[in-house]
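Q: Please take a close look at the aromatic rings of this structure. Which of them pair, and what is their setting?

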Amino acid sequence: MQVLEGIKVVELGQLIAGPFAAKTLADFGARVIKVEPPRTGDPLRKWRKLREGTSVWWDAQSRNKESVCIDLRVPEGQALVRELLRDADVLVENFRPGALDGWGLGWEALHALNPKLIMLSLSGFGQSGPRASEPGFAAVAEAFSGLRYLNAEPGRTPVRSGVSLGDTVAGVHGALGVMLALYARDARGGQGQRIDLALYEAMFNLSESLLPEYDAFGAVRGPAGGALPGITPSNAYRCADGQAVLVAGNGDSIFRRLMAVIGR
């Protein structure tokens, strides 16, 4: 028996952030019912390389899920979603803030329908605040958090990683939030609650010592490419034969062993 067996999750999100959170819950036994729009389905179905007309990325993102087609923009579809949520444990959604409220599926209405429901809302800038109404994708969150700036080589244009870090990191944070909310509800006698997760917050949570270094010393970290400033050696280094070697002598004991091996 998997740890989340018996937990029912309804997924209203599309593409990456919300579906990644739901996929993570499904990996551990939750029953995930994915709601897709009519005609097109989730756009991820057509992203990158297709096999028999469907993206293999979709296969990875949607494993262990059940799909159902519902039009959220019509009253009949909204009524169907409410029926799905009447006995659900978790709702995962990543629409722009306010979209679900316009369809009669906002937090207040759903909490009244099912007080034990946990609602995970992922958005670019959160459900409230000066930027809440602005669209936000992984790329925006990576830039807004400063990650892309740090990853750039000095003097060069900021770069991205080859994967959608802003979405997947937020998805992992979202799954953790759901687990904490389930624990508060089931082990501590609580009720359902809403988790408001901004993509940029999840990325900023990766910034390690940047903020305290600025607070304590006024230090502003700049672009460093693959290096970790102040921690040496920790990078990929080009060798005489043209290949690269990754060296991570991050601790004093590791550094001493490295120097012994290379005869220094």
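A: Buried means under 20% relative accessible area, exposed means over 50%, and partly exposed lies in between (1.4 Å probe, protein chains only). The model is predicted, so local features need pLDDT of at least 70 and side-chain atom pairs count only at pLDDT 80 or more, while totals for chains, interfaces and linings use all residues. Residues are numbered from 1 along each chain as its sequence is written, and side-chain values use heavy atoms, with hydrogens and water left out.

Rings of Phe, Tyr and Trp (its six-membered ring) pair if their centres lie within 6.5 Å; planes under 30 degrees apart count as stacked, over 60 as edge-to-face and the rest as tilted. A search of the whole structure finds five such aromatic pairs. One of them joins tryptophan 47 and tryptophan 57 edge-to-face, at 5.4 Å centre to centre and with 70 degrees between the planes. Tryptophan 47 belongs to the loop between strand 2 (31-36) and strand 3 (50-51) and tryptophan 57 to helix 2 (residues 56-61), so the pair ties together parts 10 residues apart in sequence. Helices (H or I, at least four residues) and strands (E, at least two) are DSSP runs, numbered from the N terminus. Tryptophan 47 is partly exposed at 34% relative accessible area, and tryptophan 57 is partly exposed at 28%.

The rings of phenylalanine 95 and tryptophan 103 have centres 5.2 Å apart and planes at 90 degrees, so this pair is edge-to-face. Phenylalanine 95 is buried, with 18% relative accessibility, and tryptophan 103 is buried at 15%. Elsewhere, Phe125, Phe144 and Tyr200 form one aromatic cluster.
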